[in-house]
Amino acid sequence: MKTEKENFFQNVYEVVKLIPEGRVTSYGAIAAYLGAKGSARMVGWALISSQPFAAIPAHRVVNRNGQLTGKQHFEYPDAMQERLEQEGVKVENDQVVEFKSLFWDPAKELL
């Protein structure tokens with residue numbers, strides 16, 4: 001039987017898999033969607049744990065300001081930025097350019 005933490009992590013992974021290519025969301029938006037507002041760090045921990053799973057596009061999750069705060073958890077320092085740029089997301093100084101227009105809010109998108 002899965003623990004509450006394992007279930008939460010699995011729910012995070014399921015939401016992250018739904019983020020469209022070329023879009024980004026935030027840790028907090030995922031937490032709020034899952035009914036755990038204030039648990040953005042737990043979403044981050046889930047994504048750190050997801051790194052062995054290539055099917056989880058963790059590079060599409062940034063902080064609430066569009067900054068690549070999780071980049072140190074990828075296989076090399078520029079991997080997160082490179083993956084985003086391959087999808088057409090422009091990044092400058094570890095910041096998603098036009099973050100608001102690229103923001104994918106699961107609470108709105110997954111009605």
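## The aromatic pair

F103 has 23% relative accessibility and therefore counts as partly exposed, a class that runs between buried (under 20% relative accessible area) and exposed (over 50%), using a 1.4 Å probe and protein chains only. F99, at 12% relative accessibility, counts as buried. The structure is a predicted model, in which local features need pLDDT of at least 70 and side-chain atom pairs count only at pLDDT 80 or more, while totals for chains, interfaces and linings use all residues. Residues are numbered from 1 along each chain as its sequence is written, and side-chain values use heavy atoms, leaving out hydrogens and water.

The structure holds one aromatic pair, formed by F99 and F103. Rings of Phe, Tyr and Trp (its six-membered ring) pair if their centres lie within 6.5 Å; planes under 30 degrees apart count as stacked, over 60 as edge-to-face and the rest as tilted. The F99 and F103 rings are edge-to-face, with 5.5 Å centre to centre and 70 degrees between the planes.

## The chain as a whole

The protein chain has six helices and four strands, in the order α-β-α-α-β-α-β-β-α-α along the sequence. Helices (H or I, at least four residues) and strands (E, at least two) are DSSP runs, numbered from the N terminus.

A compact globule of 111 residues would have a radius of gyration near 13 Å, and the protein chain agrees with its 13 Å. That radius is taken over C-alpha atoms, and the globule rule is 2.2 Å times the number of residues to the power 0.38. The C-alpha trace spans about 40 × 30 × 20 Å along its principal axes. Of the 111 residues, 41% count as buried. Among contacts (heavy atoms within 4.5 Å) between residues at least 6 apart in sequence, 63% join residues at least 24 apart.

## The nonpolar core

A nonpolar core is a set of buried Ala, Val, Leu, Ile, Met, Phe, Trp, Tyr and Cys residues joined through side-chain atoms within 4.5 Å. The largest one has 30 residues, and V12, V16, V43, L47 and V96 have the most contacts inside it. Two or more residues come from each of helix 1, helix 2, helix 3, strand 2, helix 4 (79–86) and helix 5 (99–102). Helix 1 gives the most, with six residues.

Leaving out residues up to four places away in sequence, V96 touches V24, V62, G66, L68, V89, K90 and L102.

## Helix 3

Helix 3 covers residues 40–49, and V43, G44, A46 and L47 are buried in it. Seen down the helix axis, the buried residues fall within an arc of 160 degrees, so they line one face of helix 3; the arc is that of the directions from the helix axis to the C-beta atoms. These buried residues pack against helix 1 (4–16), helix 2 (27–33) and strand 2 (61–62).

## Helix 4 and strand 3

In helix 4, the buried residues are A79, M80, Q81 and L84. They pack against strand 2 and strand 3. After helix 4 comes G88, whose phi is positive, near 90 degrees.

V91 lies in strand 3 (residues 91–92) and counts as buried, at 5% relative accessibility. Apart from neighbours within four places in sequence, V91 is in contact with L68, Q81, L84, E85 and V97. V91 and Q51 are 40 residues apart along the chain, and their C-alpha atoms are separated by 21 Å.
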